[in-house]
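Please look over the chain below before reading the notes that follow it. They are arranged by topic, and each point can be followed in the structure itself.

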Amino acid sequence: MDIRDELNPDQLAAATHGEGPQLVLAGAGSGKTRVITYRVAWLVRELGIDPTRIAAVTFTNKAAGEMRERVERLLGVDSLGSFVGTFHRFALGILRRYADRAGLARDFAIFDAGDQINLVKKALELEELSETQFPPRAVLAAISAAKSSMLDTAAFEAQANDFYRRKVAGVYRRYQGLLLAASAVDFDDMLFWAVRLLREEDLSRRWHERVQYLLVDEFQDTNGVQLELVKALVGPSGNLTAVGDEDQGIYRWRGAELDNILRFEQHFTPATVRKLERNYRSTQTILDASGALVANNASRRGKRLWTEAGAGEPLTVYKAQDEGDEAAWIVRTLLDHKGDLSLADTAILVRTHAQTRVVEEELLRHGVPYTLVGGVRFYDRAEIKDLVAYLRVLRNPRDSYSLNRIINQPPRGIGQGTMAMLEEQAASLGMPLWDALLQEQVYDDLPTRGARALQGFRDLIVGLQQTAAESSLSEVLAELLQATGYADLYRKGDAEGEARLENIEEFLSAAQELAERHPGASPLEDLTAFLDHISLTSDIDSWEQAGGVSLMTLHSAKGLEFPLVVVAGLEDGLLPHFNSQGAIEDLEEERRLLYVGMTRAERRLLLTCCRRRRIAGRYQDQDESPFLAEIPERFLEVEESPHRLMDVRSEGIYGFFGRPLPPRQEWARGGETERPTVERAAARGGGAASPPRRTPSAAAAAPGGLRRGARVRHPTLGVGQVMEIEGSGDASRLTVYFERWGKRKLVAKYAKLELVG
């Protein structure tokens, strides 16, 4: 095989790049995975690089699996020794190897999102803070952001400059203490500790020798700690190939930093930058329409995608009466295309999960099979989480959270009173629950019935631990189910019980499959690998194109492609989402999100919006998304619903009610704003509309000298601190954190706030 015959000139240049860092700006559908896999093959075959000295990292197991399979096909399974996997799996490998340097046992547990929320709630309780004033998910997001910025508890506390952050700092410290006590880490800890460890001189030297060439996919989605991990691995050689597309950066809300790709040359010098602009997925019309949309973003490097697939059909925009009409039109249109496309070739993309209900009902009404991506993850189902908790305890009995979950599941007579007494004794002895269960004197002060039940549970776990050390994972699970009688809970003869039993059987199959992939591993190594696999698996990893329509959010669609795509709900408040009414960066991310959805389409792209939508039980008039005005009309065919709310003429695609959309006040931030139009864009010769101009408030202050950070007093809410000021003058909106009542939004004119001190 000669790769010169397999790649286009731009791909070939990237795959055969020599020494030093390079950034490959790979547009949607331009073959970025192909570049990465062929580069690995070129390094091994042409340059003779040892495959074990090459590492390729990405974000999802699905993407990593595809990459690994392609490399194996090119090189042959036997010759492949490169690491190909996710950031978290790579970091986990380092942390497992050097756990003692991080103060962890090698059998540490990995806490998932549910575990983390429970841990934050416990930390809030210990800090005597209200969940109403400090929502656990918001607190966890703040902790995650701190770790992504490489801030440990001390550093975060030092930067806490207001009441809210000081309280969160206390929760962060308590949270980490609870993790340590459980001998556990969360997902952010894996990356955080990997960077910390690689900064140690001996480990840094060792890993620089081990990883001579590093390839990173989806570089636009890296956050602060992932950038630091890449820097720590690259070292003096600088042999980094980063592949990404700033126009597909849609994860800022979970910490991704677009600047990592925009300022690549400043992080890695001297860097070569290449562009992949030939698209192998979509028609030229889809590429031009989506390109005109994303060109309105200021935070981008710029590229123009082209294809040899031909112009293709125009995009269809359907203006529906309401969400019911929208869903009916979508399903009717999909069925109309059954002659030339199978249902598996189609996808319906939405901004929020809540939008799927009406569409699902319409699909069911017509008997159209569909797959909902992003529902309840297999490993998040109650019966599976119970079995996972058992396995966690067998591997790491100090994991008190898993122990609490299974100690009376199935019921064995251990009530809340007995547990409270056990926890009190464990606290007095200064040890985890499991260690307390091993102390015979603990049982002397417990009620006889409760003591016997606890001793029975202890003996059960000790016996299963012995089995886990000597037997295969499948045998351990079989013994676990028999010894606990867990499966008997669901032998009720009803549909729900049967479904849960089927899930348990599938869980056994998953364990067997993993064991078959790692022949020769010890039983405990198999157990650890299986638990790690469960922790690192996401819902999109298990998605497979089935026989029906795929229904998913725009975020879930990243990396997928379909001959026909529907993007539903292009209304102001949905896309862009109402949460994006603040910074221009948020609005640009919403635009990128629509761009990602549009570029999933290969041949046909349908866009829908509603004149009104039922929200919280009531109909609400909707304005179409301002993004529609940024797509040149020559690429669109507009279809109006026959069920009109008002007998008015529609003016192009700009307004539902015979009028242009009013400017979004939040875009202007107190100043003038120019609404983008196709006519203005054409006058400039750019073909696409310009981004709306925002004029930020010059003073960023409210009446009475109120500024961000000011301490204030409210007549009824008491003392608080101003966190944000939106707009200016009497109409400005204030976000104030009150010490007793938490965060509140107030209008300056009516707030009656007075400065304190």
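The model is a predicted one. A search of the whole structure finds 43 salt bridges, and the largest nonpolar core holds 49 residues.

**Nonpolar cores**

- In the largest nonpolar core, which has 49 residues, those with the most contacts inside it are Leu 391, Leu 422, Phe 507 and Phe 530.
- At least two residues of this core come from each of helix 17 (382-395), helix 18 (400-406), helix 19 (416-429), helix 20 (433-437), helix 21 (448-470), helix 22 (473-484), helix 23 (495-517) and helix 24 (523-535).
- Another core, of 45 residues, lies apart from the largest one, and Phe 90, Phe 192, Val 211 and Leu 258 are among its members.

- Thr 418 has its place in helix 19 and counts as buried because its relative accessible area is 10%, which falls under the 20% cut-off.
- The C-alpha atom of Thr 418 is separated by 8.9 Å from that of Leu 454, although the two residues are 36 residues apart along the chain.
- Arg 392, found in helix 17, is likewise buried, with 10% relative accessibility.
- Between Arg 392 and Thr 528 there are 8.7 Å in space, C-alpha to C-alpha, and 136 residues in sequence.

- Glu 561 and Arg 281 form a salt bridge in which the closest N and O atoms are 3.0 Å apart.
- Because Glu 561 lies in the loop between strand 12 (549-553) and strand 13 (562-567), and Arg 281 in the loop between strand 8 (272-276) and helix 14 (284-294), this pair ties together parts that are 280 residues apart in sequence.
- The two partners fall into separate accessibility classes: Glu 561 is partly exposed, with a relative accessible area of 38%, whereas Arg 281 is buried at 15% relative accessibility.
- A further salt bridge joins the side chains of Glu 590 and Arg 351, at 2.9 Å from N to O.
- This pair also links distant parts of the chain, since Glu 590 belongs to helix 25 (residues 584-598) and Arg 351 to the loop between strand 10 (346-350) and helix 16 (356-365), 239 residues apart.
- Both Glu 590 and Arg 351 are buried.

- Asp 459 is joined to Arg 458 by a salt bridge, with 3.1 Å between the closest N and O atoms.
- Asp 459 is partly exposed at 45% relative accessibility, whereas Arg 458, with a relative accessible area of 11%, is buried.

**Backbone details**

- The peptide bond from Thr 269 to Pro 270 is cis, with omega near -10°, and Pro 270 is found in the loop between helix 13 (264-267) and strand 8.
- A cis peptide bond also runs from Gln 409 to Pro 410, here with omega near 5°, and Pro 410 lies in the loop between helix 18 and helix 19.
- Met 150, a residue other than glycine, has a positive phi near 60°; Met 150 lies in the loop between helix 6 (136-148) and helix 7 (153-159) and is buried, with a relative accessible area of 15%.
- Glu 218, which is not a glycine, has a positive phi of about 55°.
- The place of Glu 218 is the loop between strand 6 (213-216) and helix 11 (224-234), where Glu 218 is buried with a relative accessible area of 13%.

Note on methods
Residues are numbered from 1 along each chain as its sequence is written. This is a predicted model: local features need pLDDT of at least 70, side-chain atom pairs count only at pLDDT 80 or more; totals for chains, interfaces and linings use all residues. Side-chain values use heavy atoms; hydrogens and water are left out. A salt bridge is a side-chain nitrogen of Lys or Arg within 4 Å of a carboxyl oxygen of Asp or Glu. Helices (H or I, at least four residues) and strands (E, at least two) are DSSP runs, numbered from the N terminus. Buried means under 20% relative accessible area, exposed over 50%, partly exposed in between (1.4 Å probe, protein chains only). A nonpolar core is a set of buried Ala, Val, Leu, Ile, Met, Phe, Trp, Tyr and Cys residues joined through side-chain atoms within 4.5 Å.
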